[in-house]
Amino acid sequence: MDSRKLSALLSSLISQLFLLLLLLFPTSNSTQNLSPLVSHFLSSQQIVASLTFLSISRKRKRTHLSEEDSDLTHEDKVAKLGPRLGLTQSPDSFKNSFRMSSATFQWLSGLLEPLLDCRDPVGSSLNLSADLRLGIGLSRLVTGSSYNELADRFGVTESVTRFCVKQLCRVLCTNFRFWVAFPGQEELNSISKSFEELTGLPNCCGVIDCTRFKIVKSSKDEKFVEDGIAVQIVVDSSSRILSIVAGIRGDKGDSRVLKSSTLYKDIEDKKLLDSSPVYVNGVPVDQYLIGDGGYPLLPWLMVPFVDAKPGSSEENFNVAHRLMRVPALKTIASLKNWGVLSRPIQEDFKTAVAFIGACSILQNVLLMREDDSGFCDDLGDYSLHDQSSQYYSDASFEENLIEKKATIVRSALATRAKVFNNSTFSRDSNSSVQ
């Protein structure tokens with residue numbers, strides 16, 4: 001078997017094996033412990049070196065890299081490739097063109113090379129290096145450039161640019177979708193601890209939010225824009241995406257999107273957020289998510305109080321709640337900062353969903369690489385996208401036993417928030433006096 005195809009097959013088998021384990025043992029502690037192990041393995045330089053070794057022997061002759069380039073290091077290859085892509089040696093050049101540093105580009109190219117390099121359109125050979133395939137795909141996602149513009153920039157045909165963009169999205173969403181995966185219990189404990197250190201509220205395992213991406217629809221000779229796709233995300237305190245649901249029509253409210261998702265069913269069936277509760281003022285508090293007013297109040301979903309009185313425990317809870325939601329607002333703003341997602345998407349529904357999935361995975365890659373090239377700079381940018389509760393809020397839930405239980409839990413958390421706020425204020429006052 002061709003070495004490129006063999007390395008691609010091995011990478012695919014690893015990812016599919018991991019997903020199979022998740023399906024067979026969704027609540028197994030061993031599977032939960034396996035998640036960070038597999039992620040670490042696939043994100044390490046060792047696998048990059050292994051895949052590169054497997055793909056050294058090339059049978060296909062590349063038109064964009066000469067034979068003398070084969071002895072160069074990957075870093076030297078990218079440096080040599082830069083001028084061909086119109087890039088300079090400036091650190092901002094890669095950031096502006098590919099939304100990542102040159103080091104992250106090199107790392108990602110080395111990791112994806114066997115999968116990008118093993119397939120061409122039926123009946124033709126592209127004769128393109130993996131670097132160029134990745135560059136074309138990233139350029140579409142990062143800049144939102146049209147396929148004609150990409151063809152002119154990279155010196156290829158429009159059909160080639162379409163293939164490269166589609167191939168990159170397929171590889172990311174199929175072989176590396178575990179880069180967006182709900183954590184196991186051990187990692188959830190770490191996530192809840194980070195939220196508790198921030199606000200004093202225990203057992204919070206993430207922030208849920210929903211946004212819309214517009215798509216351009218065509219009808220005869222007319223084109224119009226609609227809120228085509230609703231995207232639901234759950235993030236941790238570092239803005240890492242833990243769960244994403246895309247592919248639901250954008251005219252549905254946040255609550256309906258939630259209830260249509262597998263996340264909702266898995267939590268209701270106790271497949272997720274099922275650890276032992278912590279006790280706050282004698283009240284058992286199960287693991288929960290934070291959400292805005294567009295969501296229902298549930299024992300595992302805490303939403304803000306309405307019309308909280310100044311100085312009350314409820315107001316302290318709302319202050320903590322807003323602080324905890326910042327990572328989700330940051331993630332949404334950063335996703336909408338990808339060029340192809342920053343404007344109405346001129347693609348069919350399925351392709352638009354693939355773009356959203358690919359950008360979400362790449363967003364987590366940047367976080368994993370500690371590469372802040374793709375993130376918005378200040379909170380003002382995030383708040384622009386905080387509109388779900390204004391435009392997509394569902395009707396109020398009728399009171400029932402579930403909501404009453406959730407109300408008791410939220411009240412206990414509100415009391416904890418006030419105590420934490422008072423202790424923080426007292427500690428800061430003493431520090432300033434000293």
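Ser239 sits in the loop that links strand 2 (222–235) to strand 3 (241–249); helices (H or I, at least four residues) and strands (E, at least two) are DSSP runs, numbered from the N terminus. This is a predicted model, where local features need pLDDT of at least 70, side-chain atom pairs count only at pLDDT 80 or more, and totals for chains, interfaces and linings use all residues. Residues are numbered from 1 along each chain as its sequence is written, and side-chain values use heavy atoms, with hydrogens and water left out.

Though not a glycine, Ser239 has a positive phi of about 75°. Ser239 is buried, at a relative accessible area of 2% (buried means under 20%, exposed over 50%, partly exposed in between, with a 1.4 Å probe and protein chains only). Asp307, also not a glycine, has a positive phi near 55°. Asp307 lies in the loop between strand 7 (301–302) and helix 13 (313–335) and is exposed, with a relative accessible area of 74%.

As for the inside, the largest nonpolar core has 104 residues, and Trp338 is among those with the most contacts inside it. Such a core is a set of buried Ala, Val, Leu, Ile, Met, Phe, Trp, Tyr and Cys residues joined through side-chain atoms within 4.5 Å. Helix 14 (residues 349–368) gives the most to this core, with ten residues.

On confidence, the chain's mean pLDDT (the predictor's confidence in each residue, from 0 to 100) is 79. Helix 3 (residues 45–54) comes out lowest, at a mean of 37, and strand 6 (residues 288–290) highest, at 98. Where pLDDT is low, the predicted coordinates should not be read in detail.
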